[in-house]
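Hi,

Here is the structure I promised to pass on.

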Amino acid sequence: LKPIFVFFAAMDLDNPEEAQVEVYLKTNLPAKYAVPGDPVVVPARLARYGLSELVNHILGFETPVPFDFLVHGEFLRTSLSKYMKTKGITAEKAVTVNYLFALPQTESAEVDQFEDWVSRIQRISDTTFVASSFDGSVRYYEEEQAKYTVVVSKEAVKGLAAADIGGYLKVGCASKDGDVRCFQADYSTGMVGTESVGKLHKQSAESVAF
């Protein structure tokens, strides 16, 4: 999939197969993951997968890196045309699309059973909390029932911070390999996107806080 840099009149979003949308692709990831700041005209039918292919193509990565995308702070889970039509956004105005690393799909957990020792527990509310483990996973609980699991590291998670911010679950993890990872999760769907990753220590990172 090649990016379209030639600008022309955007078409009606009611015809998503033909419509074009002008977008600005923005990211807070390290410089090697940042595309040029110029706007790009793309097919309005593109959704997360197509936009991820586009970013990888622009960056010239031989091994694709999966990305997630946010528009106005919301994860894009439909095509651009459907999202814009739902939100009343016209194709005449450029749309800013932020992208970040995509984490693996969460796993449904009916049985509360960790494969390794629990390292940290962080209370979110009277009925919800997050727990991290030495197996590198983080789990979200409601009413003492694990709702989903996210694997954040190949090493033990030593530090954990979690809070409800803007209606989303925000989680920060510090792992034994020195990495600190922050991500945002949707409470109802469990869909997760990475916000930032950094290696802050050559050895183990023991704690993290918002």
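Asp68 sits in strand β3 and is buried, at 2% relative accessible area. (Buried is under 20% relative accessible area, exposed is over 50%, and partly exposed is in between, with a 1.4 Å probe and protein chains only.)

Before going further, some housekeeping. This is a predicted model, where local features need pLDDT of at least 70 and side-chain atom pairs count only at pLDDT 80 or more, while totals for chains, interfaces and linings use all residues. Residues are numbered from 1 along each chain as its sequence is written, and side-chain values use heavy atoms, with hydrogens and water left out.

How confident is the predictor? Mean pLDDT, its confidence in each residue from 0 to 100, is 80 for the protein, and 79% of the residues reach 70 or more. Residues 1–11 stay under 50. Where pLDDT is low, the predicted coordinates should not be read in detail.

Now the overall picture. The protein has two helices and 14 strands; these are DSSP runs (H or I of at least four residues for helices, E of at least two for strands), numbered from the N terminus. Of its 210 residues, 47% count as buried.

Which residues have the most contacts inside the largest nonpolar core? They are Val23, Leu25, Phe67, Phe69, Val95, Val97 and Tyr99, in a core of 27 residues. A nonpolar core here is a set of buried Ala, Val, Leu, Ile, Met, Phe, Trp, Tyr and Cys residues joined through side-chain atoms within 4.5 Å. Elements giving two or more residues to this core include β1 (20–26), α1 (48–59) and α2 (80–87), and β5 supplies the largest share, four residues. Leaving aside neighbours within four places in sequence, Val97 is in contact (heavy atoms within 4.5 Å) with residues including Val23, Leu25, Phe69 and Leu80. A second, separate core of 17 residues includes Tyr148, Val150, Phe183 and Ala185.

Two loop residues are worth a click as well. Asp126 is in the loop between β7 (118–123) and β8 (128–133), and is exposed at 71% relative accessibility. Its side chain makes a polar contact of 2.5 Å with that of Arg123. Phi of His72 is near 55°, a positive value in a residue other than glycine. Most residues other than glycine have a negative phi.

Cys173 is buried at 3% relative accessibility, and Cys182 is buried at 17%.

Enjoy exploring!

Conventions
A polar contact is a pair of N or O atoms within 3.5 Å; within protein, one must be able to donate a hydrogen and the other to accept it, and residues adjacent in sequence count only if both atoms are side-chain atoms. pLDDT is the predictor's confidence in each residue, from 0 to 100.
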